[in-house]
Amino acid sequence: MLILAIDTALDACAAAVLDTSAGVIAQESQPMKRGHAEALMPLIARVMKASGVAFAALDRISATTGPGSFTGLRVGLSAARGIALAAGKPVVGVTTLTAFAAPIVSENGEPHPVIAAIDARHDHVYFQVLGGDGSALIKPKVAPIAEALDAARFGAPHLVGNAAKILADRWPADAAPPFKIDQQAAPDIAWVAWLGAAVSPESSPARPYYLRAPDAKPPKDPLSGAAQPPAS
């Protein structure tokens with residue numbers, strides 16, 4: 001299976017082409033906090049050229065769905081949907097938290113829980129907690145950092161994500177210290193591709209995965225309370 005993976009959810013703009021029988025055959029990742037809209041399509045073009053794979057030969061497109069930047073998510077998902085539509089291929093979504101946790105869980109047999117965490121600002125994080133075998137201990141949620149630190153009850157964790165150091169710096173003094181701290185600005189694009197190969201379009205749609213509402217929302221009915229013309 002040939003997969004084009006795209007990630008613009010956090011502080012990187014990345015793409016990769018994966019051949020599931022041979023591994024990643026081309027990839028590029030650029031650190032960036034903004035400017036994904038301008039950088040993404042030229043980056044995808046370079047990756048596709050380096051891979052030697054035509055868009056029509058792809059079997060699937062995979063994109064990160066969040067949590068992450070509202071603007072960044074829409075850039076990546078719009079590109080993925082557009083390419084999928086033009087090439088007549090399915091598109092799937094992969095959550096950012098899963099992409100952070102997957103390479104650790106895949107190591108098989110690590111006894112430590114895995115906490116994938118993303119900075120949600122305002123003293124909050126998006127996070128999920130998995131057992132070393134991939135079992136769900138706490139499902140993805142957004143919560144105050146203090147609540148995320150309660151996961152210390154599961155034992156010394158492997159912290160990963162762009163909020164890994166935030167949690168480590170505030171880890172409870174009376175708890176077992178983190179086993180490992182993987183501070184990463186963005187997930188490994190290769191894992192976005194591998195996860196995209198493992199899921200189905202029906203169970204993993206390519207739409208934004210929001211754990212909280214946008215900071216600003218339009219009124220539900222902008223015309224409510226407005227004077228209505230008399231019936232004729």
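Modeller: Let's start with glutamine 30, which counts as partly exposed because its relative accessibility is 27% (buried is under 20% relative accessible area, exposed over 50%, partly exposed in between, with a 1.4 Å probe and protein chains only). Glutamine 30 sits in strand S3, residues 23-31 (strands are DSSP E runs of at least two residues, helices H or I runs of at least four, both numbered from the N terminus). Setting aside neighbours within four places in sequence, glutamine 30 is in contact with Asp11, Ala12, Cys13, Ala39, Leu43 and Arg46, where contact means heavy atoms within 4.5 Å. Alanine 15 is 15 residues from glutamine 30 in sequence, and their C-alpha atoms are 9.4 Å apart.

Before going further, some ground rules: this is a predicted model, so to speak, with local features needing pLDDT of at least 70 and side-chain atom pairs counting only at pLDDT 80 or more, while totals for chains, interfaces and linings use all residues. Numbering runs from 1 along each chain as its sequence is written, and side-chain values use heavy atoms, with hydrogens and water left out. The mean pLDDT (the predictor's confidence in each residue, from 0 to 100) is 92, and 91% of the residues reach 70 or more. Residues 221-232 have pLDDT below 50, and beyond near neighbours in sequence that stretch has 1 contact in the model.

Now for the helices. H1 (residues 36-51) and H2 (residues 70-87) have axes that come within 10 Å and cross at roughly 35°; the axes are lines fitted to C-alpha atoms over the stretch in contact, and angles run from 0 to 180 degrees between N-to-C directions. On the H1 side, His36, Ala37, Leu40, Met41 and Ile44 meet Val75, Gly76, Ala79 and Ile83 of H2. By class that contact has 7 nonpolar, 2 polar and no charged residues (Ala, Val, Leu, Ile, Met, Phe, Trp, Tyr, Cys and Pro count as nonpolar, Asp, Glu, Lys and Arg as charged, the others, Gly among them, as polar).

A few backbone details are worth a look too. Most residues other than glycine have a negative phi, and most peptide bonds are trans. The bond from glycine 66 to proline 67 is cis, with omega near 5°, and proline 67 falls in the loop between strand S4 (60-66) and H2. Arginine 121, in strand S6 (residues 114-121), has a positive phi of about 65°, and is exposed at 60% relative accessible area.
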